[in-house]
Structure formats: structure tokens, C-alpha cells
Amino acid sequence: MVKGVPARTSRSDQTDEKLVGTFVEGRIEAFEELIRRYQSKIVNFIYRSIGDFQRAEELAQETFMRVFRMGSRFDPRYRFSTWIYTIAKNLSSNELRDRSRDPESYNIREADWPQDSTFVAELVSSGTHEPHQILTSREMKASLEKAMSKLGPDLRMALVMKEFDHMTYVQIAEVFNTSAGTVKSWLYRAKRQLSGTLKESEVF
Amino acid sequence: MRCELIEPHLAAYVDGELDGATHAEVERHLKECRSCRETVRDLRLASAVLGKWQSAEPSQDLVEVLRTRIREERVRGGAPVERRVARAAPRRRRGFGGRRLVAAAAVLVVLGAAFYVWDWMGGPSERTASQTVADIGRTTMNVRTVQDLRQASIALDGVIAEQWASPEPSVNALVQLEVVSTMMETASGAEQGRDIGTILNILGEERLAGRVRDGVTQVALGAADCFLALFTMKAAAAADAPGELDAILDEAVSLEEKGELEAALGKYRQAAASRLLALQSLIHEANLEMKLGRAAEALAALEKAYALTKPQTFNREVVEELMRRAGKAMDIQRKIGELQGELLETENAFDLLSQIGSLQVKAGNLKGAEETFGQLVRSYPGPEYEKQRLRLRLLKAWCQRETNRYSPAFDEFNRLIDEAGRVYPEVAALAQYGRAKTFHLRKRYAQAIDDYTDLANSPRTSTTCFAALEFQVGYIYLMDLGNTKQAAKVFETLSKEAYRNEPFGKLAAALVARAGN
């Protein structure tokens, strides 16, 4: 056995909901297991929602702290993932709200984004229309971030939940406390708008 | 079928979220319609492009980071707060209306305070000062009349002062205590008679509908009774009081607000000559004497006030409570006298002087405490006192604000936000809270909202404290700015799932439900 690496325990087979119950009883290892399961998902969810990785890491920490503090109030009949995404979503909305109030203090000025012309030039020189080949460069990612930033907060977060976290419409609706029908129309609008913006910058 | 009817289903079609029948119908349409086929292609491309946006790994393992944070919280009994750069955002929208919401808010203030303490007593994260707070909780739960409310409010002021002066002040604890205190003040100040009729109507409906648990309804009905009593009294007083003396009292209050305390005291004494205003003026006078560290004079004024009350009348219990405090303050003063004697014989008097300052705060002698803290800051310049000095400067500024000298307090809060940031983040956070409250008291709502929001969103503010601060923001929109739309937004956010179990989340949900009716 490799030194310092703990042996796998049966804990990793437990459901998320069961783990909440265990850490509420005072077993901190159960909480740590939940962090391991969700940290990457939550950091990336927040990052794609707000477009700022460093801040996303801070907010992910806060998300887990809230889980920790409010664990005793979690109702195990509900899905843990819905709950944690609700918290992360609320923190992201607050962040976006603050940014819209005072964009100057955040690093999202137009000038910071790569110019479309660079992007198009790269696209042309790459000689391909296969998105997975194009979007490997940092600039491409920045263009995508920029296109995402043009969507409204709810549309954007719902889209991230669908595309990256592979949540169903019903799960997304639970997080937003709304109906699956609403989510359906959000996602339609989000994807239309996104493809429109990407077309303008000639991604496809 | 026509494209407009099909289009809304297309994203769900691509995502495989349609039921069999709709899916088949969309497929049929797509075979015939080129434009919708193109839309589907665009939607698929959008997903494909997004799919290439790779995930990034967190720069540090959150398990480690959070382990440390949890340990810290457990040691401190509350989450530490890190200062974040204050942002000034230009904004302000004004609007009036929503009287119903205002009225509901006034009633819910009482309910909210009760809910709050109830929850907090059993809450997981805030155990500091819990015993005292539990006492307040019991008092608040028994609030039946405005004098109960005032009594609870006076006791709460004492706890707040002690928390500020404690060696390890916690912003999470303080914010919550102060928000409740603000709400209590608004509730007990509801005698202006605004919307009394509406309040009673709402409560009448409540009684019929039986929607609220019995205990809570009792509290609300009790509050309504006293709102009504106060309203009647105020009307009677207005009809009776000689205008001239009324003006003197107003003048005294405004002098006090300007921080001209001695001049204000003179005016209160003058106003006490009026039969109708005597009681009110004497209570003001006593409060001011306490702040100036003259507990004996305060007690003398209160004894006069007591003589004017009758058993079971409106103000007797309030006066009694104040007399108890003045008595306690005199005991503390004796203790301070003894400590001052010891000072002469001690070489390093830092600890002794700090103790004296805290006792002065406890006795309500804010003027004296301010001098003590000032002296400490001046006399102990060494680097070993750096952290302590920051805390003492904070306390000094707080004393200044509490005695209505806003400008020096404001300047010091500002400096502390910058200087304490790294060395003593809790003090920086408290300074920001101090500044927010100063803005609030000076009716500079935009800046107050900015500071409150900033503090609320600081990553290390506890959830309960976050909800309290956001609630405060909603409350300003509602009560001070009359912007019901913005207030509703804040309350709606707070009533959602993440905060549903927070005391202020509950209160927000109740407000939203009322407004919806």
C-alpha cells in the first residue's frame, strides 16, 4: 500500500444522503467524502456561471461551509445534489447581481476579452470547422465565456446544469424552484441565443 | 403543425426530454421543415461547442482548506469574516406605495424577533453569549405589549454593548443582535399610527383563518393591542400638549442627535416641566446621564419618572428596568473606582485599563469608556499591542457613534477597514459593519446598502448572518426607501430553499406570503 494514502472504506459506497446523516452525527470524514465527490463539479459549475475561476473557488468553499452548517436541517427524502446545487446557484446569482450593479469593480470589461478578429483569424488558419479542434485554445474558451456572459443569469446557470452537470429538466426545475416547462423554455432560449452569438463570431 | 408551436420543443427534443408522442410529432415536422432542421442543427452545435469547454481542477484541495476553516469556526464559535474591498456602486431608485407590505412588516417585526431567537437558541453555529441571548429569547417570546418589547429592547442593548466590548468580538453574532434590535425599535416606535387600521385588518383575517400557530398569533395580537393603545395615547397627547414644550422636547432630541449632549440635557430638564411630557423627558434625561457616566443622576431622574407612573400602567415596567440598570451601573462604578486605585501601583496597566473600559461600557458610560480606550491607544504604542490597539480604536469609534458623534466615528471606521484588513480581519469586518450602521443612521441608504451587501457576501460570513444582513437590506428598501419592488426581490431570494430554515429566511417568506395575499 502507498504510504499516506488511506485505504478505501465502505464509506465511498454510501449514498450522498446517507453521508449527510453521518456527518451530522459528528463524523467529519463523511463530510470530507462529500467534498471529494462534489468539489470539482461545484467549482466548475460556479466558474461557468460567473466566469471567474478564482472567485468560483472561494464561492465553492462557501457552498460547502453552508452544507456543513446546515447539514442538520437537510431532509434525506430529498436529493443531496439538488440541495448543493441550489446553494451554489444562489451564491452565483448573488455574485452576478453584484457584478451587474457595479461592473467597474470586476474584471469583465470588454477590453479584457480577446478581439473577435483574432478569434476569426485563428479559426480560418485552423482550417477546420470541427468545434473540438477549434476550442482547445485559451482564446476559444474565452470567446465561449464571453458568449455565455451575454446570457441572463438563470438561462446561463440552467444551461450549465444541463450541458455540464447532465441534470434532467426536472432536477434543474427543483433547483430553481420552478416548473420543468419553464426550464424547457429557458434552455431553448439559451441555446438559440448562444448559437446566435457564436455564429456572429463565426464559430460555426 | 406550425413552426411556432414546434420550436419551443426543439431544445427538449435535442436533449431527449420529450415524451414519446411529442417526440414523434417533432420528428414528423422536421422531415418536412428545413428551417426547423437548421434550428436543431444550431442547437446541437451549441451543445457540441459547450462540450469542449473543459473542466478545470480546483487549485487546492478543498478538503484541506475546509478542514482548517471548520476547526477555526469551532474554536471561535462563529465564522471569521474576511474583509473584502468595499465597493461603491452608483444607484438609487425611489418609489412609494405598498402600504400593506409596510404594515405587514411592522407586525412581522415582532413575530420575526420571536422566531429568530427561538431558532438561534437551538441553532448550530452561534454559541457565543448564548446564555444572555437565551434570556432575551425568553423575554421576546413573552412579548405581549409594547412595554414588553421595550424591556426586551433595553436588555438587548446591554448584550450588544457587551459583545462589542468583549475581548473576541464576533461580527456574526453582533450583526444578528443588531438587526433584531433595529426591528424591535421599529416595532416599538409604531405609535406614529401609520397603518394601524391595516395592521388590525390583517390580524383580524389571521385570527379567522387560524393560519398561524396559537402562540405566535397571541404575540401578534398582543402587539396589535399595544399599537392601538399607543396610537390612542399619542393622539390624546397631541391634543393636550402645549405646543411650546413639545418644541423644546423636539429641540432636545435634535441636539442629542447632533452629539451636543450637555445642551440636550438642559433642554430635557426644561421639557420635564410639562405634565404630559414629563415622563418621556425624564426617561430621555436618564438615558443621557447614563451615557455620560453619571448613574446617580440617572437614577434620580428615574425616581422622579417612577413617581409619575401608576401600577400596571404603560411605562412603569420600563422605568423599573431602567432603574435596575442604573443601580447596576452604580455598583460597577464602585468597582471601577477600586481598580483605578490599583492603577497607581501597577507598572504595566494595560490589562487593568482595558478592564476598566469594558466595565464602563457595561455600565453604559460610553463617554468614560471612549476616554479610557483613547488613553490606551495613546499610551501603548509598542508592536506587541498592535492587534489590541486596532480593537480598542474600533471600540472608541463605536462609543463615539453611540453618543451620536458620527463624523469622527465614521473616519475611524474607514481607516480601520484599510488598516486592520490583514492583521485583524474580524476588526476590519466589524469596522465595515460600524460604517454601514453609521450610514444607515445618517439616512445615507445607498451606501449603507452597499456595505451591508458587501459584508453579507463576504465568503466567511456565516449563513445566518448573511440572511440577517440581506434582510436588513430588504428592510431599508421597504421601510426607509418605500421601494417595495426591490424589497420584494430581496425577500423572495431569502425565502428560497437555501435560507428557508434560517430565522430571517422564515421571516422573509412570511412577508412575501402576506404581500401576495
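Author: In chain B, helix α16 (residues 316–343) packs against helix α17 (residues 350–362) at an angle of about 165°, and their axes lie 10 Å apart. Helices here are DSSP runs (H or I, at least four residues), as strands are (E, at least two), numbered from the N terminus. Axes are lines fitted to C-alpha atoms, for helices over the stretch in contact, and angles run from 0 to 180 degrees between N-to-C directions. The angle makes α16(B) roughly antiparallel to α17(B), a term for angles over 145 degrees, whereas those under 35 are roughly parallel, 65 to 115 roughly perpendicular and the rest oblique.

This is a predicted model, in which local features need pLDDT of at least 70 and side-chain atom pairs count only at pLDDT 80 or more, while totals for chains, interfaces and linings use all residues. Residues are numbered from 1 along each chain as its sequence is written, and chains are lettered from A and ligands numbered from 1 in the order in which they are written.

The residues that meet include Ile332(B), Ile336(B) and Leu339(B) in α16(B), and Leu352(B), Ile356(B) and Leu359(B) in α17(B); two residues are in contact if their C-beta atoms, placed from the backbone, lie within 7 Å. By class, this contact of α16(B) with α17(B) has 7 nonpolar, 3 polar and 3 charged residues. Ala, Val, Leu, Ile, Met, Phe, Trp, Tyr, Cys and Pro count as nonpolar, Asp, Glu, Lys and Arg as charged, and the others, Gly among them, as polar.

Chain B also touches chain A: 42 residues of chain B are in contact with 50 residues of chain A. On the chain B side, α4(B) gives the largest share, 9 residues.
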